[in-house]
Amino acid sequence: MEMESFVGIDISKATIDVTVHESKEHWTFTNDENGIKKLTNLMRKVSPDLIVMESTGSYEVAVAYELSACGYPVAVVNPRHIRDFARSTGLLAKTDVLDARVIARFAATIKPAPRVLPDEDTQRLAAIMSRRRQLVAMLTAEKNRLGQANRIIKERIAQHISWLEQELDDINKESGSMIETNPEWKEKSDIMQSVPGVGPNLSLTLLSDLPELGNLNRKQIAALCGLAPFNRDSGQMRGKRSIWGGRSSVRAAVYMAAFSAVRWNPLLREFYQRLVDSGKRRKVALVACMRKLLCILNAMLKNRTVWNAQIIHPLVSCP
């Protein structure tokens with residue numbers, strides 16, 4: 001039988017370190033256009049069954065998309081999982097070469113499912129939304145500084161705030177234009193914003209950072225966003241369940257939407273109040289509403305139906 005080939009790639013700002021599981025060979029390329037081209041040429045010779053790399057914030061993005069575009073199965077995994085796997089094997093040392101070997105071994109042992117990467121338009125929208133979050137954070141910081149600033153620099157801070165507000169307005173217009181010119185996104189956005197409490201910011205965030213919405217079941221979509229409660233039980237001890245991990249940008253946007261929805265959405269308002277009346281803490285009840293809202297949106301996109309409390313309620317069994 002032909003043996004499977006598992007490739008581990010460790011990526012930094014400057015270099016790409018590559019190794020094949022159970023092979024002593026190791027390759028290092030520069031993390032630029034020329035280095036990525038050499039990497040794809042190497043992969044043609046290796047013919048990998050699975051390529052695994054860590055999520056490093058942004059350094060892995062170009063490599064992952066180029067390999068995926070060439071038709072190779074690519075899995076981008078949480079670096080914490082790789083580090084925990086390395087410790088479980090007794091490997092405490094850490095270098096780029098060792099990391100690549102550990103990732104290749106992780107690929108051969110765990111065999112994480114390859115992820116279909118977003119298309120170019122979704123990547124662009126995700127980049128725009130990421131920049132929007134940065135602008136909002138900078139605006140908040142500058143406005144907080146303005147009140148306590150010395151009069152000598154107040155004018156400079158005010159000018160920066162004005163520039164940031166104009167940049168944020170331009171970003172909002174660009175993202176809105178992208179939605180209007182894409183029929184599929186426009187339909188999904190209209191469906192999501194038909195829900196009381198859901199506005200443009202949440203719909204844009206879900207379209208850019210959660211393209212799986214509407215294609216997974218309620219448990220999978222909740223876990224993907226870090227809204228699925230995990231057990232903490234051992235023997236006779238029964239610990240409190242809590243949420244963990246997931247996509248923080250999506251979770252933050254859903255939180256703000258749920259905060260509004262428990263006031264203006266009759267279904268979620270009733271659900272929230274019922275949990276509070278039964279003794280649940282308000283924060284726990286709000287997190288449950290976040291999960292409920294996400295399940296509702298998932299069901300609506302799956303069934304291509306706009307908001308209707310009488311129809312949506314039986315569709316969604318998410319607690």
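Which feature does UniProt place at residues 191-273? The UniProt record, in an unreviewed entry, gives these residues as "domain: Transposase IS116/IS110/IS902 C-terminal", and the structure discussed here is a predicted model.

**Annotated spans**

- From the unreviewed UniProt entry comes the feature "domain: Transposase IS110-like N-terminal", which is placed at residues 7-147.

- An open sheet is built from five strands, arranged in the order E3-E2-E1-E4-E5 with mixed pairing.
- Its edges are formed by strand E3 (26-30) and strand E5 (74-77), each of which pairs on one side only.
- On average, and with direction ignored, neighbouring strands of this sheet are turned by 20° against each other.
- Strand E1 (residues 6-11) pairs with strand E2 (residues 15-20) in the antiparallel sense, and five bridges join the two; Ile 11 stands opposite Ile 16 in E2.

**Helix H1 against helix H2**

- On the H1 side the contact is made by Ile 36, Leu 39, Thr 40 and Met 43, which meet Ala 62, Val 63, Glu 66 and Leu 67 in H2.
- Sorted by class, the residues of the contact of H1 with H2 are six nonpolar, one polar and one charged.

**Helix H11 against helix H12**

- Helix H11 (residues 266-277) and helix H12 (residues 282-303) have axes 9 Å apart and pack at an angle of about 145°, with H11 passing H12 in a right-handed crossing.
- From H11, the residues Leu 267, Leu 268, Phe 271, Tyr 272, Leu 275 and Val 276 meet Arg 282, Ala 285, Leu 286, Ala 288, Cys 289, Lys 292, Leu 293 and Ile 296 in H12.
- The residues of the contact of H11 with H12 comprise twelve nonpolar and two charged ones, and no polar residue is counted there.

**Helix H7 against helix H12**

- Helix H12, which packs with H11, also packs with helix H7 (residues 183-193), here at an angle of about 135° and with the axes 10 Å apart.
- That angle makes H7 oblique to H12, and the crossing in which H7 passes H12 is right-handed.
- Lys 188, Ile 191 and Met 192 are the H7 residues of this contact, and they meet Leu 297, Met 300 and Leu 301 in H12.
- By class, the contact of H7 with H12 has five nonpolar residues and one charged residue, with no polar residue among them.

Conventions:
Residues are numbered from 1 along each chain as its sequence is written. This is a predicted model: local features need pLDDT of at least 70, side-chain atom pairs count only at pLDDT 80 or more; totals for chains, interfaces and linings use all residues. Side-chain values use heavy atoms; hydrogens and water are left out. Axes are lines fitted to C-alpha atoms, for helices over the stretch in contact, and angles run from 0 to 180 degrees between N-to-C directions. Helices (H or I, at least four residues) and strands (E, at least two) are DSSP runs, numbered from the N terminus. A crossing is left-handed if the near helix is turned anticlockwise from the far one by less than a right angle, and right-handed if clockwise. Contact means heavy atoms within 4.5 Å. Ala, Val, Leu, Ile, Met, Phe, Trp, Tyr, Cys and Pro count as nonpolar, Asp, Glu, Lys and Arg as charged, and the others, Gly among them, as polar. UniProt positions are given in the numbering used here, feature names are shortened, and annotations may be inferred rather than shown by experiment. Two strands pair if DSSP finds at least two bridges between them. Angles under 35 degrees count as roughly parallel, over 145 as roughly antiparallel, 65 to 115 as roughly perpendicular and the rest as oblique.
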